[in-house]
Amino acid sequence: MRNSKLHVSTRRTRSSLSIILLVSLCCFFYALGAWQKSGTGRGDSIALKITKETDCSILPNLYFETHHNKGYNSNSNSNSLTQVKAFEPCEFKYTDYTPCFDTRFRERKCPDKREKLKCLVPAPNGYVIPFTWPKSRDFVPFKNVPCTKNNLMHFEGGLCKFHDAGIEKYIAELATVVPISDGMVRTALDIGSGVGSFGAYLLDKNILTVSFAPKDSVENPIQFALERGVPAVIGEFGSVRLPYPSGAFDLVHCSRCLVNWTSNEGMYMMEADRILRPGGYWILSRSPFQKSNRPKEELEKIESISETLCWKKKTKHEKGETVIWQKSLDRSECGRKLVSVCQSDDSDDVWYKKMEPCITKSDSDSKISSNLKPFPERLFSIPPRLSNNPDSFNSDNKLWRKHVNAYKRINKLIGSSRYRNIMDMNANLGSFGANIIGLEKGINGINWVMNVVPSISERNDLGVIYERGLIGIYHDWCEAFSTYPRTYDLIHASGLFTLYQHKCDIEDILLEMDRILRPEGAVIIRDNVDLLNKIKIITSGMRWKSKIFDHEDGPLVPEKILICVKEYWVGTGGDNIL
């Protein structure tokens with residue numbers, strides 16, 4: 001009896017000790033998780049060990065190299081535990097589908113929710129991954145974007161070859177007036193850009209140019225520009241403001257761009273003035289290949305409007321029909337009577353905002369412009385717009401340097417010529433793009449990043465991105481982007497799906513990503529693990545291979561990384577795919 005009581009007592013003691021031990025362990029791991037999530041636990045040896053083990057895995061089921069293999073059609077993405085919705089290919093007629101642009105309309109006109117395609121836009125039969133830069137500047141595979149013989153390009157041995165004779169001489173002439181080699185002219189907008197030759201050759205001067213032109217019903221100049229590896233978007237001067245912040249560009253160029261600059265009281269010139277930084281240059285030029293037919297009366301009106309904008313004509317350079325103006329650093333010193341000032345308090349609030357015949361307020365623009373450093377120094381210098389908050393900029397840049405290094409451990413081709421056209425769908429301060437370009441030290445880089453700032457973001461930092469010498473655009477991801485299919489090699493989205501999860505259908509955003517991503521292109525999505533699991537299931541039905549990775553700080557951080565690769569497949573003109 002006594003022994004029985006002793007055993008019961010012992011069991012109770014052991015049970016109490018087990019409970020105490022269990023509670024202690026729970027408290028310890030809760031504290032450890034909170035420590036990790038706070039970011040102060042980066043040195044934790046257990047988390048670091050797990051992270052290192054994850055880094056060793058170079059995604060055995062993902063292939064980042066190109067294949068050009070028509071028969072590559074693996075279905076290994078199927079998920080046996082979850083019913084996966086398989087998306088069918090769209091009809092072959094949608095090969096070059098641009099949902100929000102129709103040649104019948106001058107403005108963006110996007111389909112409503114009921115009209116959106118719920119299918120995968122096919123690549124044309126015979127499609128191959130574009131050449132790497134700089135070969136892509138001169139040659140585009142004919143099967144990718146068919147060309148016709150004209151004064152800019154011709155068909156040669158299965159390739160579209162570009163006639164760029166004269167471009168370098170033309171740029172050399174501009175350089176006699178515009179200081180294009182000292183790093184102060186870094187960002188440019190080429191309006192009515194043709195096939196992007198002006199921007200392609202400015203890259204030799206370390207000038208990053210956005211080619212900007214409307215959709216063409218016969219030839220697709222913007223599609224050619226992007227296929228060549230030149231930044232470009234579909235767009236046109238219409239009734240709404242251009243999707244760029246004030247003072248974004250150091251240079252705005254128009255060569256036979258067919259814009260009626262003098263219409264609506266010079267409203268389009270005033271919009272050009274808005275996006276041009278103080279001290280920047282506006283170039284109105286004939287083509288290096290053809291003579292302009294711009295009437296003399298229109299040129300006189302342009303002269304008159306430029307005076308009211310307080311632009312200084314660089315009369316030294318009037319050879320042929322090329323004229324250069326420079327925007328004043330300080331309009332208050334202009335003795336001329338100016339046109340009316342826009343009443344809007346935020347000149348960067350432009351998404352679907354009507355254009356007006358007025359000049360924007362720019363009290364601080366001249367200070368910002370005078371404080372800009374030359375490129376590439378400005379890439380990691382404190383942007384003037386953040387001069388009062390340098391710590392946030394430095395910490396953001398440090399964080400993204402760590403993230404980009406982690407991406408490069410997973411995919412060693414990041415930073416190489418494999419990924420030329422890159423997009424950041426939720427760019428914030430542009431630190432992802434800056435560190436991607438920073439891999440090449442920002443000089444004559446082999447890749448560029450289109451930094452997108454969503455129109456619904458709480459913060460509008462696209463102006464900061466341009467101050468860093470990068471390019472970008474405003475956009476709402478509930479709509480299709482202003483580009484052709486298959487125009488980006490690598491797409492990055494950090495926090496994008498958290499931002500949009502209650503705004504529009506995640507499925508629609510992923511289908512749009514698929515439309516603009518090239519076959520065998522890569523996607524990096526950084527977000528909450530619950531969202532990533534949903535995304536991974538959807539992409540399994542989109543012919544994407546994918547894998548989820550832990551956060552750099554360890555597996556206890558709820559933010560994860562989803563790496564995807566789009567499979568190679570093409571349409572055939574019928575119901576079959578290859």
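Which residue in S14 does Asp424 stand opposite?

1. That residue is His492, which lies in S14 and stands opposite Asp424. Keep in mind that this is a predicted model. The two strands to look at are S11, residues 421–424, and S14, residues 488–494. They pair in the parallel sense, over 3 bridges.

2. Now step back to the sheet. It is open and has 7 strands. Read across, the order is S13-S12-S11-S14-S15-S17-S16. The pairing is mixed. At the edges sit strand S13 (471–475) and strand S16 (544–549), and each of them pairs on one side only. Neighbouring strands are turned by 20° against each other on average, with direction ignored.

3. Next, find helix H15, residues 529–540. This helix packs on the sheet. It touches strand S15 (517–528), S16 and strand S17 (559–566). The direction of H15 makes about 155° with that of S15.

4. Then turn to the empty space inside. A probe the size of a water molecule, rolled over the atoms, shows where such space is left. Here the count comes to 7 cavities of 30 Å³ or more. The largest cavity holds about 260 Å³ of space.

5. What lines the largest cavity? There are 21 lining residues, and the closest to the centre are Phe101, Arg108, Val240, Arg241 and Pro243. Strand S6 (232–234) and S13 are the elements that give two or more residues to this lining. S13 supplies the largest share, 3 residues.

Notes:
Residues are numbered from 1 along each chain as its sequence is written. This is a predicted model: local features need pLDDT of at least 70, side-chain atom pairs count only at pLDDT 80 or more; totals for chains, interfaces and linings use all residues. Side-chain values use heavy atoms; hydrogens and water are left out. Two strands pair if DSSP finds at least two bridges between them. Helices (H or I, at least four residues) and strands (E, at least two) are DSSP runs, numbered from the N terminus. Axes are lines fitted to C-alpha atoms, for helices over the stretch in contact, and angles run from 0 to 180 degrees between N-to-C directions. Contact means heavy atoms within 4.5 Å. On a 1 Å grid over the protein atoms alone, a cavity is a set of points where a 1.4 Å probe fits but cannot get out, and a pocket is an open set with protein on both sides within 12 Å along at least five of seven lines; lining residues have an atom within 4 Å of a point. Grid points are joined across faces, edges and corners, and a volume is the space filled by probe spheres set on the points.
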